[in-house]
Amino acid sequence: MSIVKVSRDGVFGEGNQEKFGGSYVSEELKSALRKLDDAFQRYKEDEEFEREFQYYLKEYVGRPNPLYFADRLTNELGGAKIYLKREDLNHTGAHKINNTIGQVLLANRMNVKRIIAETGAGQHGVATATVCALFNIPCTIYMGEVDIERQALNVFRMQMLGAEVVAAKSGNRTLKEAVDEALNDFSQNYADTFYLIGSVVGPHPFPLIVRHFQSIIGREAKQQILDKEGRLPDLITACVGGGSNAVGLFYPFVDDPNVRIVGVEPAGKGIATGIHAAPLCTGKPDIIHGFRCHVMEDAENCHSIAAGLDYPGVGPEHSYYKHIGRADYVSITDEEALRAFLTLSKTEGIIPALESSHAVAYAMKVAPTMNKDEIIIVSLSGRGDKDVAQVYDMLHVHPSLQET
């Protein structure tokens with residue numbers, strides 16, 4: 001039996017223990033979410049739906065993607081073998097497309113007239129715009145004004161695909177505010193609008209829907225490592241913002257007690273500075289965006305070099321894993337992530353997303369402390385094309401990093 005306990009109302013946990021998730025929204029919106037949940041429960045086990053989902057994963061997304069042994073990186077670091085789950089090789093360049101394919105098929109069956117989404121780094125926005133173009137459905141993407149500036153290439157890609165990109169101009173003008181705007185739109189227009197959420201966050205059933213479609217990452221990785229090594233890994237790790245790529249990798253391994261699970265949050269400018277996006281490492285349980293999870297005490301100081309991790313809350317399943325001790329959560333600074341970005345580029349010819357670079361940086365730290373017969377799997381959640389201009393600018397501010 002799975003250790004993941006979740007109620008029909010989307011609450012993780014049972015008995016007197018801490019509970020996470022749920023649906024802290026108006027009764028009217030709860031009614032719309034129940035309709036969504038009913039459709040999800042109906043179609044997730046439907047043979048025709050699954051057949052169509054698998055068709056697009058294979059023929060359109062390009063799955064299964066490789067589990068790649070990073071030979072040079074492993075040899076340079078010494079210690080454990082490092083394998084990369086290559087979500088960066090998916091169509092659109094990240095894991096986000098797995099979820100958008102699944103949800104657009106669900107939206108089609110619900111006969112909606114428009115789709116909305118939020119985005120941080122722009123990868124979910126691009127993936128949403130892509131599937132909306134594929135299925136000829138109008139879409140609106142909400143994106144923080146700051147993120148629009150630092151991810152201009154992805155903004156243009158969304159627009160080129162036919163999406164309307166709307167700037168969120170309140171607060172920090174990043175991912176939190178984009179979610180605020182998307183939830184506000186959905187609250188007003190749920191009768192004919194499908195909110196294609198990008199991570200394992202939000203009120204029930206959003207976290208379970210996204211986890212369902214992203215679990216393909218871990219299922220593939222588990223079979224691939226068994227084929228390559230004849231056993232399960234000793235450690236699996238992924239970056240955590242909202243946490244969809246991480247839950248996608250972690251969930252199929254949760255019931256394997258000998259596999260250590262580590263999520264990597266952004267320490268930003270340093271945990272001690274308070275300018276970071278690491279709610280699991282520093283925050284407390286609270287309610288944000290209609291669900292309960294660990295939340296930063298000062299959301300206004302939320303910051304990460306990686307736009308896709310710049311979120312003051314986290315998926316409730318991650319909070320649950322932390323609470324029951326099934327996963328550990330650590331943090332990596334902007335500078336450490338940037339060094340990992342450059343190191344992987346130079347050793348393996350793979351330019352990772354700045355989000356993914358947090359997990360790579362953690363693997364680089366821990367691998368030398370492990371034995372050479374031990375195995376690490378890193379979720380390489382996306383490619384770094386979108387970040388090259390940003391990194392170029394940063395290297396001119398910190399030229400010593402070019403020596404990496």
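Trainee: How many aromatic pairs does the structure hold?

Mentor: This predicted model holds 11 aromatic pairs. One of them is formed by phenylalanine 12 and tyrosine 320.

Trainee: What makes phenylalanine 12 and tyrosine 320 an aromatic pair, and why is the pair called tilted?

Mentor: Let's take the two values in turn. A pair of aromatic rings is described by the distance of the centres and the angle of the planes. For phenylalanine 12 and tyrosine 320, the centres are 6.0 Å apart, and the cut-off for a pair is 6.5 Å, so the two rings count as a pair. The planes make an angle of 40°. Stacked would need under 30 degrees and edge-to-face over 60, so this pair is tilted.

Trainee: Which parts of the chain does that pair tie together?

Mentor: Phenylalanine 12 lies in strand E1 (residues 11–12) and tyrosine 320 in helix H13 (residues 316–324), so the pair links parts that are 308 residues apart in sequence.

Trainee: Are these two residues buried or exposed?

Mentor: Buried means under 20% relative accessible area. Phenylalanine 12 has 1%, so it counts as buried. Tyrosine 320 has 2%, so tyrosine 320 is buried as well.

Trainee: Which residues form an aromatic cluster?

Mentor: One cluster is made up of Phe40, Tyr43, Phe49, Phe53 and Phe213. Phe213 turns up again among the contacts of asparagine 99.

Trainee: Where is asparagine 99, and why is it called buried?

Mentor: Asparagine 99 sits in helix H4 (residues 96–109). Its relative accessibility is 0%, which is under 20%, so it is buried. Setting aside residues up to four places away in sequence, asparagine 99 touches His124, Leu196, Ile197, Gly198, Val210, Phe213 and Gln214.

Trainee: Why is serine 23 called buried?

Mentor: Serine 23 has 19% relative accessibility, and buried means under 20%, so serine 23 counts as buried. Serine 23 lies in the loop between strand E2 (20–21) and helix H1 (27–43). Leaving aside neighbours within four places in sequence, serine 23 is in contact with Lys30, Leu33, Pro203, His204 and Gly290.

Trainee: What kind of peptide bond runs from histidine 204 to proline 205?

Mentor: That bond is cis, with omega near 15°. Proline 205 is placed in the loop between strand E8 (193–195) and helix H9 (206–214). The peptide bond from arginine 63 to proline 64 is also cis, with omega near 0°. Proline 64 is in the loop between helix H2 (47–61) and strand E3 (67–69).

Trainee: What is the label for arginine 173, and what is the label for histidine 289?

Mentor: Arginine 173 has a relative accessible area of 28%, which falls between 20% and 50%, so arginine 173 is partly exposed. Histidine 289 has 11%, so histidine 289 is buried. Each has a positive phi without being a glycine: near 60° for arginine 173 and about 50° for histidine 289. Histidine 289 lies in the loop between strand E11 (284–288) and strand E12 (291–295).

Trainee: How do you know whether the radius of gyration agrees with a compact globule?

Mentor: Set the value against the rule. With 404 residues, a compact globule would have a radius near 22 Å; the protein has 19 Å, which agrees. Buried residues make up 59% of the 404. Among contacts between residues at least 6 apart in sequence, 74% join residues at least 24 apart.

How values were computed. Residues numbered from 1 in each chain as written. Predicted model: local features only at pLDDT ≥ 70, side-chain atom pairs only at ≥ 80, totals over all residues. Heavy atoms only, no water. Rg over C-alpha atoms; globule rule 2.2 N^0.38 Å. Buried < 20%, exposed > 50% of the residue type's maximum accessible area, 1.4 Å probe, protein only. Contact = heavy atoms within 4.5 Å. Helix = DSSP H or I, 4+ residues; strand = E, 2+ residues; numbered from the N terminus.
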